[in-house]
Amino acid sequence: QVQLVESGGGLVQAGGSLRLSCAASGSIFSRNVMGWYRQAPGNQRELVAAISRGGITNYAASVEGRFTISRDNAKNTVYLQMNSLEPEDTAVYYCNAGGTITTRGDYWGKGTLVTVSS
């Protein structure tokens, strides 16, 4: 059974930082690209960042230079370091697996809420 469990969301002021974590079951993590997506109220779910098993990354233009995705293959965990947060970053952030660095896969976590206050 595939499991993706996110953590690290919360409330932060604009300009602040948060780090999200996603712990994945071993089978899905070791073979796949891992990604972070987000969905704000009234908006479609969008790619934030993705990373291949070998460390190739892809970022949305809106987060380039502020967010960093990384993975610890020994811990089956993918991280999203978010700096210089803006109110527009407020959304539910979802971990994703099974896709490519540009397209979403079939496996999703339940999401973690990030709220950035102005």
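User: How many disulfides does the rule give?
Analyst: The model is predicted, so local features need pLDDT of at least 70, side-chain atom pairs count only at pLDDT 80 or more, and totals for chains, interfaces and linings use all residues. Residues are numbered from 1 along each chain as its sequence is written, and side-chain values use heavy atoms, without hydrogens and water. A disulfide is a pair of cysteine sulfur atoms within 2.5 Å. By this rule the count is 1 disulfide.

User: Which cysteine does the disulfide join to cysteine 22?
Analyst: A disulfide is a covalent bond between the sulfur atoms of two cysteines. Here the S to S distance is 2.1 Å, and the partner of cysteine 22 is cysteine 95.

User: Which strands hold cysteine 22 and cysteine 95?
Analyst: Strands (E, at least two residues) are DSSP runs, numbered from the N terminus. The two cysteines are 73 residues apart, in distant parts of the chain. Cysteine 22 lies in strand E3 (residues 18-24), and cysteine 95 lies in strand E9.

User: Is cysteine 95 buried or exposed?
Analyst: Buried means under 20% relative accessible area, exposed over 50%, and partly exposed in between (1.4 Å probe, protein chains only). In strand E9 (residues 91-97), 6 of the 7 residues are buried. Cysteine 22 is buried, and cysteine 95 is also buried.

User: In E9, which residue is the bridge partner of tryptophan 36?
Analyst: Two strands pair if DSSP finds at least two bridges between them. Strand E4 (residues 34-39) pairs with E9 in the antiparallel sense over 6 bridges. The bridge partner of tryptophan 36 in E9 is cysteine 95.

Notes:
Helices (H or I, at least four residues) and strands (E, at least two) are DSSP runs, numbered from the N terminus.
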